[in-house]
Amino acid sequence: MSESESISGGTEMSESESISGGMSESESVSDGTGMNVTERKETGRMLELRFMREEDLEQVEAIEQATFSSPWSLESFRKAMETCGNLYVTALWDDRVAGYCGLWRSFEEGDITNVAVDEAFRQRGIGRKMLSFLMEAAEKEGVTQFTLEVRRSNAAALHLYENLGFVSEGIRKNFYEKPTEDAVIMWKR
């Protein structure tokens with residue numbers, strides 16, 4: 001897990017879904033990959049959750065650079081996104097990347113590696129929605145357990161993960177740098 005997540009609220013998602021509070025209309029469309037995307041619109045604002053695409057990477061990298069003291073590069077995201085077994089999700093708000101998260105799968109375990117929401121989109125439940133979407137997709141591929149690391153001082157992220165069913169199972173001493181800090185190891189089994 002990366003070091004800083006300011007995320008809250010949300011609902012579970014289907015395989016690829018667009019959502020917004022107080023929905024007024026709903027329709028199904030294709031996203032070009034053969035998956036159906038359910039769109040729910042309210043006053044022209046829309047949140048879309050989908051699997052990360054090449055065209056998302058520049059905005060993902062910008063969020064990563066602004067959020068973390070030891071950020072991943074664009075090439076690191078590209079390689080991770082293309083690696084068999086990995087899942088990466090992008091949240092789009094009115095066609096702008098609002099956040100992203102990723103998971104590396106090993107048999108029945110999913111290691112959540114990145115969770116970030118652009119500062120302009122925090123406190124809208126996007127992080128919770130992305131994680132629910134990601135874990136649901138991973139479960140469809142046989143993942144039954146999820147793990148992640150989070151900075152001990154990141155109260156907002158700890159609260160979110162606990163609300164999603166994660167429990168603390170240990171500490172990794174001095175896991176993070178800039179500044180040095182312990183990581184809380186969390187599992188959802």
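**Helix contacts and what surrounds them**

Modeller: Let's start with α1 and α2: Leu57, Glu58, Val60, Glu61 and Glu64 in α1 meet Leu74, Phe77, Arg78 and Met81 in α2. "Meet" here means contact, that is, heavy atoms within 4.5 Å. Sorted by type, that contact has 5 nonpolar residues, no polar ones and 4 charged. For the sorting, Ala, Val, Leu, Ile, Met, Phe, Trp, Tyr, Cys and Pro count as nonpolar, Asp, Glu, Lys and Arg as charged, and the others, Gly among them, as polar.

Before going on, a word on the source: this is a predicted model, numbered from 1 along each chain as its sequence is written. Local features need pLDDT of at least 70 and side-chain atom pairs count only at pLDDT 80 or more, while totals for chains, interfaces and linings use all residues, and side-chain values use heavy atoms, leaving out hydrogens and water.

Now the geometry. Helix α1 covers residues 57-67 and helix α2 residues 74-82; they pack at about 120 degrees with their axes 9 Å apart. That angle makes α1 oblique to α2 (under 35 degrees is roughly parallel, over 145 roughly antiparallel, 65 to 115 roughly perpendicular, the rest oblique). Their crossing is right-handed, meaning that the near helix is turned clockwise from the far one by less than a right angle. The axes are lines fitted to C-alpha atoms over the stretch in contact, with angles from 0 to 180 degrees between N-to-C directions. Helices (H or I, at least four residues) and strands (E, at least two) are DSSP runs, numbered from the N terminus.

The axes of α3 (residues 126-140) and α4 (residues 155-163) come within 11 Å and cross at roughly 45 degrees, so α3 and α4 are oblique to each other. The α3 and α4 crossing is right-handed. Gly127, Arg128 and Leu131 in α3 meet Leu160, Tyr161 and Asn163 in α4, which splits into 3 nonpolar, 2 polar and 1 charged.

Further along, β9 (residues 167-176) and β10 (residues 181-188) pair antiparallel over 6 bridges, where pairing takes at least two DSSP bridges. Val167 stands opposite Trp187 in β10. The two strands make a hairpin with 4 residues between them, and Lys178 in the turn has a positive phi of about 55 degrees. The bond from Lys178 to Pro179 is cis, omega near 5 degrees. Most residues other than glycine have a negative phi, and most peptide bonds are trans.

Finally, confidence: mean pLDDT (the predictor's confidence per residue, 0 to 100) is 83 for the protein chain, and 77% of its residues reach 70 or more. Over residues 1-43, pLDDT stays under 50. Where pLDDT is low, the predicted coordinates should not be read in detail.
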